[in-house]
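Hi,

Here is the structure I promised to pass on. Have a look at it first, and then read my notes below.

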Amino acid sequence: MKKSKGKDVFIVILASLVALLFLLPLIFMIFTSFKGLGEAMSSSALLPKEWIIDNYRSILGASAEVPVLLWLFNTGVVTLAGTALVVFVDVLAAYSLARLNLPGKKYFLGIVVAALTIPGIVTLFPAFYLFREFNLINTYVPLIVIYSANTLGVFLIYSFLKGFPKDLEEAAVIDGASLWQVLRFVIFPAIKPVVATLAVLTFLTIYNDFLWPSVVTSTDEMKTVTLGVANLVQGANFVNPGRMMAATVVATIPALIIFVAANKYFVKSVMSSGLK
Amino acid sequence: MRISKTWSVLMYLPFLLCFILFLVVPFFYGIYISLHQWSVFGGNGGFVGLDNYTAILTPGNIYSNAFYNGLKNTLVFVAISVVPLVIISLALALLVDSIPSNLKVFFRTVFFISYAVSVTAVSAIFKWLFTGNGGYVNNVFDTFGLNTINWLNDQPSAWIAILIATVWWTIGFNMILFINALDDVDQNLYEAASLDGANSWNKFMHITFPSIKGVFVFLTIITVIASFNLYGQTLLMTAGGPSQSTQTLIMVIQQMVFNQNNLGVASAMAMVMGFVMVIIVAVQYAYSFRKE
């Protein structure tokens with residue numbers, strides 16, 4: 001289809017305006033984190049008149065009032081372990097379903113659909129109660145393992161493998177490769193983009209989850225950074241916009257970096273393969 | 001390729017174990033709890049049959065009052081949010097689709113970036129934008145001599161603020177799926193339509209929309225589910241106010257567990273909520289794919 005130059009310019013200008021509107025909350029967050037209390041409460045200008053770093057000092061320094069760095073560390077442990085667990089479990093299960101001789105595998109799709117229709121709220125509090133019975137509240141365990149019951153990941157990789165020709169694997173087996181070698185040198189390189197997509201989506205899900213950590217964590221030391229920020233927003237803590245935005249910046253930047261770095265993986269075929 | 005049954009089962013086992021432990025067991029345990037008087041600290045207080053369900057569904061007691069209020073507020077949000085969340089993301093996808101290709105990735109990334117922000121950060125930002133006293137929006141209104149609005153403590157402004165925060169936070173994901181669907185539309189159809197003198201609107205209605213209808217229905221359904229699960233934004237931005245008008249079902253259930261220590265009633269509420277969601281999704285599905 002031919003397009004005129006003028007139309008392109010119009011589209012780009014329109015898109016730029018929308019993009020500015022989109023970035024406004026993030027720009028507000030960053031600039032406010034450099035404002036003092038008085039200015040942040042009264043100014044209608046986005047840019048600080050006077051740039052100060054006291055807000056960051058008060059949350060990151062040695063005498064920090066809120067342990068944001070500790071929360072970030074917790075988030076790091078939980079997201080890395082949780083993502084690794086999901087990828088490990090889902091890749092093996094998907095391969096087993098797509099290629100191997102698994103008894104009862106024809107029921108699997110039905111189970112996936114059934115499980116997807118169960119709203120999360122139905123299992124959330126019983127799961128909380130069970131973890132509590134095993135004295136696992138305020139440990140990393142419930143924060144890590146709960147995400148591994150996600151059937152969508154298995155389904156995503158399974159549908160990708162279904163469309164991937166078997167010839168290479170068969171050739172490798174004829175050449176004497178073991179199951180492990182087939183997985184390591186044939187399958188894994190082929191499914192890398194899907195696995196990367198699953199890993200990033202899982203990482204962001206765990207990083208940003210709020211309800212589950214708020215249910216299984218009660219002490220300040222065990223909070224994830226997402227949960228920690230929630231505490232700053234609620235009740236009597238809601239006093240200093242600059243300081244709260246500084247904490248929000250620190251909490252958000254790692255996820256934003258991961259997101260932008262992994263953005264190229266959110267490519268067409270990968271994201272839509274799970275839908276078909 | 002011949003690989004033994006043992007290996008197949010062994011590879012499948014870790015997932016099966018997780019699936020059973022963290023989904024199947026809690027699901028059936030939740031049904032079991034909902035049929036008992038059950039407190040978080042005291043545990044099982046005896047079988048009560050359907051009493052918990054009767055309590056939350058029969059009007060006129062504290063449980064049903066809380067439940068119906070939560071259900072009503074949640075349905076209000078579903079009603080006001082689903083159309084903008086789907087339509088705006090479709091509009092954005094169409095916009096990105098028409099951007100010259102060398103700039104496409106940039107704008108797609110910008111429109112999708114809020115997906116990486118947590119609900120607590122979103123709430124922190126929008127609460128400081130909309131808070132009545134010292135909030136940025138009111139500071140701007142003040143500068144232009146407009147009357148300030150007590151956004152989070154009045155209705156309908158509280159819903160408007162929550163809706164704006166939610167739209168900003170979640171449309172990127174919907175947009176990405178729409179962009180993927182638009183990429184799959186057969187370009188030859190547009191060429192043929194142009195030759196027949198069709199305008200943009202005709203092309204959208206007769207080519208684009210029918211081609212992406214499957215994704216459209218899917219996104220509508222997952223948006224309904226997401227709106228049903230409204231929790232973080234209302235908890236953090238309005239704390240359920242003003243006068244409990246933004247108290248959502250999940251907030252009600254959460255308080256039943258942690259403030260009232262009543263896991264039995266909370267589990268029954270979760271079951272009913274899950275049931276309502278499944279019914280709505282099933283109706284949507286059946287309606288969208290009915291034979292015309």
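What pattern does chain B follow when read along the sequence? The pattern is α-β-β-α-α-α-α-α-α-α-α-α-α-α, so to speak in DSSP runs: helices are H or I with at least four residues, strands are E with at least two, and both are numbered from the N terminus. That gives chain B twelve helices and two strands.

Before going on, some housekeeping. This is a predicted model, where local features need pLDDT of at least 70, side-chain atom pairs count only at pLDDT 80 or more, and totals for chains, interfaces and linings use all residues. Residues are numbered from 1 along each chain as its sequence is written, while chains are lettered from A and ligands numbered from 1 in the order in which they are written.

The C-alpha trace of chain B spans about 75 × 75 × 40 Å along its principal axes. Of its 292 residues, 39% are buried (20 or more other C-beta atoms, placed from the backbone, within 10 Å of a residue's own; 12 or fewer is exposed, in between is partly exposed).

Now chain A. Its mean pLDDT (the predictor's confidence in each residue, from 0 to 100) is 86, and 94% of its residues reach 70 or more. Over residues 268–276 of chain A the pLDDT is below 50.

Cheers

Key: Contact = placed C-beta atoms within 7 Å.
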